[in-house]
Structures are given as structure tokens and as C-alpha cells.
Amino acid sequence: MGALTAVLIVGGAVVEFQPWSWPWEAMWAGVRSHVGLLALGAGAGLGSARAIARFRAHRHSARGSGESERHTPWVVSYPGIATMVATVTGLGIVALVVMLQVAATAVESERPRLQVDAIKYGLGVFAGAGAVAALLLGIRRQQHLERAQEHVERAQRHTEADASERRVTDIYTKAVEQLGSADAAVRLGSLYALQRVAEDNPKQQQPIADVLCAYLRMPFTPPSAAPDPPSSAAPDPLGPDPVRPDSGRPDADAGRDPYQELQVRLTAQKILTEHIRPGREVERGNRAAGGGAFWPEMDLDLTGARLVDWDMAGARVRSAVFRNATWAGAARFDDAVFDDVATFSGATFHDDALFRAAVFRRNALFGNTTFKADCRFENASFRGAAAFGSTRFNVARFIATTFAAGSRFSGASFAGGARFEAAVFDHLTRFDDATFSGTARFSDATFRAITVFKGVQFRRTALFRGVTFLENVTFSGAHFFDSAGFSATRFEKKTLFDGTTFARNARFHSVIFAGDATFILGQSAEGTHISRACALDGALVITRDKRDDRWPPGWAVAAGDADGLGRLQRAPVL
């Protein structure tokens, strides 16, 4: 289509201008007599082509490098302007020569008029060259003015930014200094000033969060431990300050009123927790209540802090360190998300600790933590390692909790009930040497990796109904002081009850042993095997070659049926 269009255009031009009727001999003679002018025109044409090529190359390089076109293009530089003027002038001279030659070959009556037209054209060409020069110089001047204005505006922005930074620094410094004031009102004002700075300056959010955490880590004498408390005041639930043994003395907080200090600390807690909670934007007028914009990816360090009525429900932080921290009042972490390591080692919860539906994306460290009331981890998700070694629980609820990485409860103690119903353990799980003083419920739980209950003491009922063990599991050395229920449990791999003691009834009704099972039961004080309480009635064994089972005395596997299932039954007495 493009070729056809070009042919039609060229053909139409040939028919219109009829070049066969032109005086070619006379024109050739004119060309020979004006070779110098034609050379000048050719040079002008080449200069024009060079100018266009350099201009296009400049624009291409500017786009390729991502630079703006604020740099002066070559075409409006002094060499570029001179080249463009020379090009226009040269082309005009060539056209003038041609026109004069045509006029010289015209009839006598038309010659004066054509010569005058050629001279007019030549003068117009020179005027056009001047106009081109003026236009390009004007563009150049405008660009210089724009650059100068941009430079002034840039310098002004830098000045304003520096002034703003200095103002923020002054406010920040003054607010931090005021946190040390003995006047509670001054301390409250400094907290709100820090909050305002953080909301208006996102880069200051982490430093201000660090300041709030540092304030909460400072030694604190609760009101009930201060001199002359109200008659209705209860003993300090937090106990003596672990950091400052003299915290009960009247001058422990440098003359600060403990009731006022408690309000200041509650305000600091609220400002911090409200701003690490996504989706809780509030109007500017409610900032005094602790609301405002979300501060993303915060790192909290509250090591040794004494926290009261802590509410971090729905919060999201990058990392959190609560090592040796102490909580009075309910501690709420429901639906909280910890993107990095969460450390609670050595912490003490005097009241309920609520972690329902919390998400731990990395390791969660609760070693040596003390839960004096209920701790609730229902539907929580541990995507990193969950470490609860030597932790002291009262009532623990891990119902439908997911442990996606290794979980460790070694040496943990459960003073009240422990509920792990429908929990899922995807990696190595260790409960070795743990103590369950209340009822232990693991019904419908799933253990996908090696599971260790070695040396565990179940002092009350232990319920493992409907549990699935997909890998090896050991109860070696475990002691069941009360009844144990394993009904409908499935053991897919090797099962060890080596040295296990069942002091009362242990029911294995409808259990399936797919892997090898070893029952070497513990002995009583008189040295006899405690086997009478182990009821394997109705337990099923998948029959196969080379099974290596050791059943309790008096039990044996009957011949397998058509489905390959053998049934455990008491051996006949001879």
C-alpha cells in the first residue's frame, strides 16, 4: 500500500510539472556557471542533515538514560544555531541561483519580472535565516531562564526541608527531655508531641517507637506498692520490680506520684499499640486518644518492661522482644502478626494471655515463660519454630493451633488443663519430660513428623482419641497416673511404649497399628509389670511380613482377615 502511494505521488508530480518540457540545456549551462554556489548549497544540506541526526541522537540518549531533557539540545547551542542558519541560507542561495537561471532563459518580456521575483525570494530567504536564528536564540534564552528558576526553587526546597528537619529535631529533643519531668502533665504532653512528630514524619516513626519502648522499660513502682495506698488497694500483682530491688521505697521514682505515672504509662502503651494496628485510621481530632496512622514494620524492644492491661490485638510488627517482661491485667495479642522473631523468654503473665488467631511468621520463643492464669492460643499459626521449653502453664489452650515448623514443650509444666484438640504438628514435636498436672486433651490432633513424649508425666486423665501419628512416636518412660484414652488413634509408623507405666486404665479400642509397636511396660514398686490396666481390646494391626512387635504380656494378634487386619486379643491361658 505504501509503495503504491509513493508511485501515485511521483507520477502525479511528473505529469503536473512536465519535466520533459523544461529547458534542460539552459539549466545545465547555469549550473556549470555557478558551481561555487551549488557547492555552498550542498554543504548547507549536509549541515542540515548533520544537525537533524545529532538532535535525534541527543533525544534518544536522553530517553535511554532516563534523563529529563533539561540539558541544552545541540540544535539550540551556538554551533547548532550557526549550522541551522547556514543551512537555511545555503538552501536559499541554491534556490536563488536556479530561479535566476530560469529567469535568464525566459522570453525577453518575462525576464525582468522573474528576476525581481528571484531577488525577492533571496531577500526572504535571508530574512528567514534571521528568523530561525532569533527563534533558536529565544528558545535557548527561555531554557536558561527555566533552569535558573528550577535552581532557585530547588534551593528553596532544600532550605525549607532543612528548616523542617531542624524543627522536627527541636520538637523531638524537647519532647524527649520532657519525659524526664516530675510533672505528669508535662510527660503526657511530650508523649502527644512525639506522636504528632511521628505521624507527620514517617522516617521518625521507628525512633519514636524506640523512645516509647525505652520509657516503658524504665523502672516503675505500681500504685499499690507506693507509700500510703488507699485502703482498698490490693497487693501489687506484679510483685517487686525485678530491675530495682528498692522499688518499694518512697523515693524510688524520684518523687513521681505512682497513680499519675500509671496514667502516663497507659497513655504511652496506647499510643504505641494503636499505631502498630493496621486499618485503624482515625480523624486527626482523635489523636489525643492514641489514634492515627499505621506505623508499618516496627521493631519493638520491651525487654524487662512492666506492662498493664496491654492490648496489642490486631497489631502487626516486624519483630518484638518481650524478654523478662511482666504483665498485669489481661494481655491481648489476638489476631496479631509477627513478621519476624517474637521473643517472650522469661516473661511473666499474671492474668490471662490471649493469643487467639495470632500469626508468628518466624520463630516464637516462649522458653521459661510463666503463665499464671489462662493462656489461649486457639487457631494460632506458628510458621517458624515454637519454643515453649521449661514454660510454666496454668490452663493452656492450643485448640486447632498449627505448628508448621518444629515445636518444643520439653520440660514444660501444665498446672491446669492442657488442650491441644485438633492441633496440627507438621514437624518434629517434643514433649519430653513435660508434666501435665491437669487433664491433657490431644483428641483429633495430627502429628505429621517424629513425636516425642518420652518421660512425660500425666497426673490426670490423658485423652488421645482420634489422634493420627504419621511418623514415629515414642512414649518411652512416660507415666500415666490416671486413665489414658487412645481410642480410634492411628499409628502409621513405629510406636514405642518402652518402659511406659499405666497406673490405671489405658484403652486402645479401635486403634490401628500400621507400623511396628513395642509395649515394654514399666514396673510397680514390687517389680511386677503393670499390664493389667492396658486394655487393647479391639485394637487392629495391619498384618505384613517382618513385623517386629512386642505386645504386653497376655496379648497377641489373631490371624488377619481378608482386608489384612489382625485383631489384638488376650492370649489363652494355658
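Here is a short tour, from the whole chain down to single residues.

## What you are looking at

This is a predicted model, so local features need pLDDT of at least 70 and side-chain atom pairs count only at pLDDT 80 or more, while totals for chains, interfaces and linings use all residues. Residues are numbered from 1 along each chain as its sequence is written, and side-chain values use heavy atoms, with hydrogens and water left out.

## The whole chain

The protein chain holds 8 helices and 43 strands. Both are DSSP runs numbered from the N terminus: helices are H or I with at least four residues, strands are E with at least two.

Of its 574 residues, 41% count as buried. Buried means under 20% relative accessible area, exposed means over 50%, and partly exposed is in between (1.4 Å probe, protein chains only). The chain exposes about 29,000 Å², and carbon and sulfur atoms supply 56% of that. These areas come from the Shrake-Rupley method with a 1.4 Å probe, and for residues only the protein chains shown count as cover. Now for contacts, meaning heavy atoms within 4.5 Å: among those in the chain with a separation of 6 or more, 32% are between residues 24 or more positions apart.

## Helix α8 and its partners

Take helix α6 (residues 184–200) and helix α8 (residues 258–275): their axes come within 9 Å and cross at roughly 10°. An axis here is a line fitted to C-alpha atoms, for helices over the stretch in contact, and angles run from 0 to 180 degrees between N-to-C directions. The two helices are therefore roughly parallel to each other. That label covers angles under 35 degrees; over 145 counts as roughly antiparallel, 65 to 115 as roughly perpendicular, and the rest as oblique. The residues of this contact divide into 7 nonpolar, 5 polar and 3 charged. Ala, Val, Leu, Ile, Met, Phe, Trp, Tyr, Cys and Pro count as nonpolar, Asp, Glu, Lys and Arg as charged, and the others, Gly among them, as polar.

Helix α8 also meets α7 (residues 205–217), with axes that come within 10 Å and cross at roughly 145°. On the α7 side, the contact includes Ala209, Leu212 and Cys213, and on the α8 side Val264, Ala268 and Leu272 are among the residues involved. This contact divides into 9 nonpolar, 1 polar and 2 charged residues.

## Two buried strand residues

Phenylalanine 349 sits in strand β9 (residues 348–349). At 1% relative accessibility, phenylalanine 349 counts as buried. Leaving aside neighbours within four places in sequence, its contacts include Trp327, Phe333, Phe355 and Phe371. The C-alpha atoms of phenylalanine 349 and aspartate 374 are 9.1 Å apart, though 25 residues separate them along the chain.

Serine 381 belongs to strand β15 (residues 381–382). With 15% relative accessibility, serine 381 counts as buried too. Not counting residues up to four places away in sequence, serine 381 touches Ala358, Val359, Phe360 and Thr402.

## Two loop residues with positive phi

Most residues other than glycine have a negative phi. Aspartate 444 has a positive one, near 65°, and lies in the loop between β26 (440–441) and β27 (446–447). Aspartate 444 is exposed, with a relative accessible area of 51%.

Alanine 488 also has a positive phi, near 60°. You'll find alanine 488 in the loop between β34 (484–485) and β35 (490–491). Alanine 488 is partly exposed, with a relative accessible area of 46%.
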